[in-house]
Each structure stands twice: as structure tokens, then as C-alpha cells.
Amino acid sequence: METLTHDGVSNRLRIGLLFALASAASFGLSGPLARGLMNAGWSAAAVVAARVLLAGVVLLPLALPQLRGNWKLLRDNAGLVTAYGLVAVAGTQLAYFNAVAHMEVGAALLIEYTAPIVVVGWLWVRHRQRPGAATVAGAALGITGLLLVLDVTSGMSTDPVGVAWALGAMFGAAAYFVLSAQGGDLPGTVLAAGGLLIGGSILLLAGAIGILPLRATTQPVVFDDFTTTWWVPILLIGIVTAAIAYVTGIAATRRLGARLASFVALTEVLAALAFAWALLGEAPRPIQLLGGTLILIGVIAVRLGEPKVGALGDPETPADTPTSHHGQQPRSPVVDTDTAPHAPR
């Protein structure tokens with residue numbers, strides 16, 4: 001039984017890591033695609049609205065059968081779905097795309113992905129776990145790396161508007177991981193589809209009443225070495241970087257927990273830098289590479305410095321494996337409710 005339990009946990013961890021890497025790679029493509037669309041005349045809000053609404057429409061036929069007519073489950077999780085749509089989807093992506101409109105994709109993403117430090121802080125407050133020396137050292141490295149990514153030592157002028165948007169995306173990304181780990185009985189595809197449709201609808205409403213500028217064009221989209229029609233990046237940004245990215249991200253977080261998933265998601269930084277270099281010709285400067293390395297080392301140190309609690313070493317246990325009053329799992333880790341018929345595939 002102990003061997004079966006260990007194998008079950010290892011399998012869950014392995015599948016979760018694969019989902020997390022797939023999600024990170026998918027998300028990493030969004031910034032360069034969005035930059036190309038905005039250079040062609042699209043506003044950031046229009047890109048986000050098209051992206052999330054298209055993704056929601058694509059996921060809806062997959063989400064509805066998973067509910068099996070259990071609308072009460074959806075009503076019971078209405079607050080979670082709404083918060084996910086407003087904060088984790090619309091708010092985070094709007095902040096990120098506005099950031100890349102004022103600064104390079106790699107720099108904006110590296111700021112956003114100091115989010116694991118925010119996740120650790122949230123879990124500290126929630127679980128009353130005081131960070132150890134490694135956690136503090138990791139946070140210091142992350143801040144130092146952030147300063148190098150912004151290249152403040154060279155006296156380069158940094159657009160404060162872009163930095164502010166990137167910091168907003170950072171807090172939104174932290175909320176994304178925390179919210180994705182919740183609602184264990186609600187299929188991940190339902191959470192993603194509902195959140196995407198709500199977030200996109202709010203953006204359209206804000207544009208209709210003049211709060212956000214919604215501007216789209218049919219002009220060709222120019223990247224570094226090629227030009228394409230506008231609908232190609234729209235399809236990619238909706239299906240690949242939203243529908244696939246959010247579903248795999250939720251599946252990963254429910255298997256790994258919010259903290260571990262947030263650290264694995266740092267591989268998005270590497271994917272985004274590679275995509276930005278390939279599509280936009282934005283080769284990272286040496287000091288930015290050094291800063292990015294320090295950020296990655298810092299967040300890994302934060303992760304290693306946290307106490308290992310539960311089968312997966314994360315105090316924010318996945319939503320489908322609730323803990324008892326003494327922190328022990330009442331169900332065997334072999335049982336994986338994410339593989340039940342209603343779970344996201």
C-alpha cells in the first residue's frame with residue numbers, strides 16, 4: 001500500500017509538472033503576439049477581449065458536458081468564477097499587455113513573474129508560516145534581479161507607466177495561482193470557460209461605456225522576419241495562449257498546489273524571451289540576462305526555503321485533497337479526483 005501511495009503521488013506530481021510546463025510555454029507566446037497586434041493598431045484592451053472571449057467560446061462546448069446538468073455546482077462557485085474572470089483573467093492580462101506596450105516583453109514578464117514571492121507571502125499570512133533564511137535570501141535576490149532587468153544601473157530611462165502595469169500583472173498572476181487551486185469539485189475547464197467569458201464580457205462593457213479604448217484593425221501584422229494577416233495571431237492568441245494555457249494551468253495547480261505551480265511557471269519567462277527574440281527581434285541585453293538569472297535563483301531559493309507540508313511539499317494543498325485539522329490527508333494520495341469523469345482533460 002505504501003508503494004502504491006508513493007507511486008500515486010509521483011504520478012500526480014509528474015502529470016502536474018507536464019501540465020505546468022505546457023501552460024507556461026503557451027502563456028509565453030502571448031506577449032510577442034500581442035505586441036505584433038498592437039503595433040498593427042490594436043489597443044491592449046481589444047487584444048485581451050478578443051483573446052479571452054475566443055478562448056471562452058472554444059472551451060464552452062467542452063465545459064458544459066462536464067457539468068452534467070449540475071447547475072447548483074456552478075451557482076455555489078459563482079464567486080470563484082467571477083473573481084477568476086475579473087482578476088486572474090481580465091485584470092492580469094490587461095495589465096500585462098499594457099506593460100508590453102510601454103516596455104520590452106522580457107522585462108515586463110520578468111516583473112510579472114516575481115509573483116511566486118507574492119504567493120509565498122500570501123501562504124505565510126494564511127498558514128502563519130514565518131519565512132526562513134533561505135526564503136528571505138531568495139526574496140532579496142529576486143528584488144536585485146528585478147532592478148537589473150530594468151537596467152537602472154546604466155541610467156536608462158524606465159517608463160514608470162510600464163513598470164506600474166507590470167507590477168499590477170504581478171499581483172494578478174499571484175491571484176491566478178491562488179484561485180486556480182480552489183474549487184476542487186468544479187471542473188477546471190468550467191472554471192476556465194466561465195472566467196474567460198466573464199472577463200471578456202466585462203472588458204467589452206468597459207469599452208462600450210468608454211472606460212477602456214477598444215480599437216481593432218484588419219491591417220497586416222508585422223513581426224521581425226515575416227508579415228501575416230490579422231486573424232492568424234488572433235487565433236493563436238485565443239486558442240493556444242488562452243484556452244490551452246488556462247486549462248492546463250488549472251490542471252497543474254490543482255495537482256501541485258498554488259506555490260509549487262507558481263514556481264514551475266517561471267519557465268514562461270524563458271519561453272517568452274525566446275518567442276520575443278524570434279518574433280520581435282528583441283535580444284535580451286547581458287544585464288537583463290543576469291537579472292533574469294538572479295530572479296530565477298531567488299524564487300527557487302524561496303521555494304526551497306519553505307517548509308514541506310503534505311505529500312507534494314506544499315502547504316497550499318490541491319483543492320481535491322483537503323487536509324484534516326492536524327494537516328493529514330484524510331484520503332489516500334492515490335485517489336486523484338482530477339481524473340474523474342467530470343475533471344478537465
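Buried means under 20% relative accessible area, exposed over 50%, and partly exposed in between, with a 1.4 Å probe and protein chains only. The model is predicted, so local features need pLDDT of at least 70 and side-chain atom pairs count only at pLDDT 80 or more, while totals for chains, interfaces and linings use all residues. Residues are numbered from 1 along each chain as its sequence is written, and side-chain values use heavy atoms, leaving out hydrogens and water.

**Exercise 1. Follow the aromatic rings**

Find out which parts of the protein the pair of Tyr84 and Tyr176 ties together.

Step 1. Rings of Phe, Tyr and Trp (its six-membered ring) pair if their centres lie within 6.5 Å; planes under 30 degrees apart count as stacked, over 60 as edge-to-face and the rest as tilted. This rule gives eight aromatic pairs.

Step 2. One of them joins Tyr84 and Tyr176, with 6.2 Å centre to centre and 45° between the planes, and is tilted.

Step 3. Now place the partners: Tyr84 belongs to helix H5 and Tyr176 to helix H9 (residues 160-180), so the pair ties together parts 92 residues apart in sequence. Helices (H or I, at least four residues) are DSSP runs, numbered from the N terminus, as are strands (E, at least two).

Step 4. Check the surroundings. Tyr84 has a relative accessible area of 0%, so this residue is buried. Tyr176 is buried too, because its value is 6%.

Step 5. Tyr176 also pairs with Phe177, edge-to-face, at 4.9 Å centre to centre and 65° between the planes.

**Exercise 2. Get to know Thr114**

Decide whether Thr114 is buried or exposed, and list what Thr114 touches.

Step 1. Look in the loop between helix H6 (105-112) and helix H7 (115-127), where Thr114 is found.

Step 2. Thr114 has a relative accessible area of 6%, which means that this residue is buried.

Step 3. Count a contact when heavy atoms are within 4.5 Å. Leaving aside residues up to four places away in sequence, Thr114 touches Met170 and Ile295.

Step 4. Finally, a polar atom of the Thr114 side chain lies 2.8 Å from the backbone oxygen of Ile111.

**Exercise 3. Step back to the whole protein**

Work out how many helices and strands the protein has, and what share of its residues is buried.

Step 1. The protein has 14 helices and two strands.

Step 2. Of its 345 residues, 53% are buried.

Terms used: A polar contact is a pair of N or O atoms within 3.5 Å; within protein, one must be able to donate a hydrogen and the other to accept it, and residues adjacent in sequence count only if both atoms are side-chain atoms.
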